[in-house]
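Colleague: I would like to learn how to read a model with two chains. Please take me through the main features one by one.

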Amino acid sequence: MILDIIITSLINGSTYALLAIGFSLIFGVARIVNIAHTAFFMVASYCIYMITRKLGYHPIVGMLVAIPLITLLGLICYKLFIDPIREHEAAVLISTIALAIAFQEIMLLIFTGDYLSVPALIQGYFTVFGAKVFYQQLITFIAALVILGALRLLLMQTKLGLAIRSTAQDREVANLMGMNESRVAMITMGISVALAGFTGAVVVPLTTVNPFMWLHPLIMMMAVVVLGGLGSIKGSFFAAYILGFAEAAVVFLIPMGAFLKGSVALSVMILVLLIRPEGLFGVAFEEER
Amino acid sequence: MNLIRYYIRKFFTIIKTEVFVLPSRMIVLLFFLTLLALPLITNDPYLLRILILASIFAIFAASWDLLSGFTGQMNFGHALFFGVGAYSAAMLNQHVHIPPWGSIPLGALGAVLAGLIVGIPCLRLRGTYLALTTLAFPIILMGIVFAIPNITGGELGISGLDRLARSRVVNYYIAVLVMLVLCTIMWKITDSNIGIIFHAIREDEVAVRASGINTTRYKLLAFCLSGFFAGIAGGLYAHFMRIADPSTLEVSMSFQVVIWSVFGGVVTIWGPVGAVFILFPLLEFFRFLPEFRMLLFAIVIILILLFMPQGLLPWIRDKIENECPRCKIRNVATRKSCRICATSMH
């Protein structure tokens, strides 16, 4: 029982962490609240389903094709629908909501509303202290940690990472120091959508694929971002596992828990915010909150 | 007798000098008259149904604008107020047998309470934090609704409520009159001193506090007022559809109201109302292609926002009216000189 909870919470936590960090990156750099972020995750899942089930390729091929495709799609959407109206924050918000609805409807048209599934990379499971651990779960967890580590390296060690961090801190000054602000925003959007695509790739064998799968992760992702502190990657990381654990514990321990899992996790977020309004790892800027 | 004649004359003077000089005011007048006179022309129950729902959602959208547009407290969980209004009206009607004229206002009071409960923790948050946090509240309530099915009806909701009225036309008049009255009240609130303080809180909260105004109180007031109007919309919806179900609390409901308001232009009250009366029938019109309905809807919104990011109705208003450069009074775009101070308009 306890092991089941831990395994589920680690898997959920990794999903939320990957999604939340992508969301928080593009928010920090360009002040874009990208509601369509999890919609890209959904489209990536469908892309992998298409390649593995319909065209019959190996899941690895599916991942390798899907992630660049989704990144390209994200960049096109950014250029066409978000970039021209970036000064109007409310308009950007609605535009991304409409984009998410449009993706949902397109997927509904192509694949209908059926629940679909994707084969795991490695079939089978092993037992640890009486709890079943599927190999796919192990792969998902390790892949999530690897990609988060790689992202941290990119942000902390490279020149591009420096540009992204400084633009997030102060857009105008970064621009004055000779960083091309709109290009940094564009690259960050690419990284952010690629992260969403990657999440789709590693998580999809564990869940079912359907056109409405973006809604629940969207809410949890936003809760994670708020709980961890907007723009704080370390915060998002820990908050994701905290909320993932809260969700898993409620599902396993309380009767009717499946209905209450969202409620309890979000109540945890609100309770923490009451004590620390800037989130767990956020820094309180007078301007921002 | 003389007094009556005086008031009649004054009424016509106001109509002539204040309403007929500006096309936007004439449009508002026409909108009122068309809505009120429509049942005389047609009795089509389908059309009336669309307009009743549009009126209910117009109250809902305008109440979002009152809170989020005016005070800048971005609320992403506005469905909470709608859902609380609908569910409390439904429960009062079902379990206590209070008729609609009592249960709807009481349900709205329930929504005011919800506004207080949400407003107090949210006072400490600002901007995007607030938007993302408020998103959580309707979902928490939805989990509770699912968890206690013997009181709330669970997934199926509470059905079989009393009708608002027997016939569709009377239903129509109730919904439209309530909408017109409440939206006028909201418009007046935003024009009053309170409205000015709301504006100021959005622009610079620290400056407002520095001028000796208790911003906490005004922000809570905004939450309560907005919750009240949204709660009435929710109660009307529950009694018109004769069911209060979890769809009133869904995320899509919260997003829908943001879409309507931003599409129509925020910080106006009339913007969201107009947007609902454009977008809601449009969504019904797309019904001839059921699969493409939501897709077309999303595309229309994206395209319109690309070309007029401040909203559709303010864009139209700027096209047909100009502001006098000297006295800041609005004039028809065709006028060469200002109607008040006679300065040249260019």
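Modeller: Start with the radius of gyration, which is taken over C-alpha atoms; the globule rule for it is 2.2 Å times the number of residues to the power 0.38. This is a predicted model, in which local features need pLDDT of at least 70, side-chain atom pairs count only at pLDDT 80 or more, and totals for chains, interfaces and linings use all residues. Residues are numbered from 1 along each chain as its sequence is written, while chains are lettered from A and ligands numbered from 1 in the order in which they are written.

Colleague: What radius of gyration does chain B have, and what would a compact globule have?

Modeller: For 346 residues, the rule puts a compact globule near 20 Å, and chain B, at 21 Å, agrees. Its C-alpha atoms fill a box of roughly 70 × 55 × 55 Å along the principal axes. For chain A, with 289 residues, the rule gives a value near 19 Å, and the chain has 19 Å, which agrees. The C-alpha trace of chain A spans about 60 × 50 × 35 Å along its principal axes.

Colleague: How is confidence read, and where in chain B is it lowest?

Modeller: The pLDDT is the predictor's confidence in each residue, from 0 to 100. Chain B averages 90, and 100% of its residues score at least 70. Within chain B, the lowest mean is 81, in H6(B), and the highest is 94, in helix H12 (residues 215-241). The model as a whole scores ipTM 0.82 and pTM 0.89.

Colleague: How many helices and strands does each chain have?

Modeller: Helices (H or I, at least four residues) and strands (E, at least two) are DSSP runs, numbered from the N terminus. Chain B comes to 16 helices and four strands. Chain A has 11 helices and two strands, and from the N terminus on its elements run α-α-α-α-β-β-α-α-α-α-α-α-α.

Colleague: How is the span of a single helix judged?

Modeller: The expected span is 1.5 Å times one less than the number of residues in the helix. Helix H4 of chain A (residues 89-111) has 23 residues and reaches 33 Å from its first C-alpha to its last, close to the 33 Å expected. Just after H4(A), A:Thr112 takes a positive phi of about 55°.

Colleague: Is H4(A) mostly covered or mostly open?

Modeller: A residue is buried if 20 or more other C-beta atoms lie within 10 Å of its own, exposed if 12 or fewer, and partly exposed in between, with C-beta atoms placed from the backbone. H4(A) is mostly covered, with 17 of its 23 residues buried.

Colleague: Which loop holds B:Ile269, and is the residue buried or exposed?

Modeller: B:Ile269 is in the loop between H13 and helix H14 (270-285) of chain B. Because it has 28 C-beta neighbours inside 10 Å, B:Ile269 counts as buried. Its phi is near 70°, a positive value in a residue other than glycine. A:Arg31, also not a glycine, has a positive phi of about 55°. A:Arg31 lies in the loop between helix H1 (2-30) and helix H2 (37-54) of chain A, and it is partly exposed, with 16 other C-beta atoms within 10 Å.

Colleague: Which residues touch the most other members of the largest nonpolar core?

Modeller: In soluble globular proteins, nonpolar side chains tend to be buried together. A nonpolar core is a set of buried Ala, Val, Leu, Ile, Met, Phe, Trp, Tyr and Cys residues joined through C-beta atoms within 7 Å. The largest one has 199 residues, and A:Ile94, A:Ala223 and A:Leu243 touch the most other members. Helix H3 (residues 45-70) of chain B gives the most to this core, with 15 residues.

Colleague: How many residues of each chain are in contact with the other chain?

Modeller: Two residues are in contact if their C-beta atoms, placed from the backbone, lie within 7 Å. By that rule, 35 residues of chain B are in contact with 39 residues of chain A. On the chain B side, H15(B) gives the most, with eight residues.
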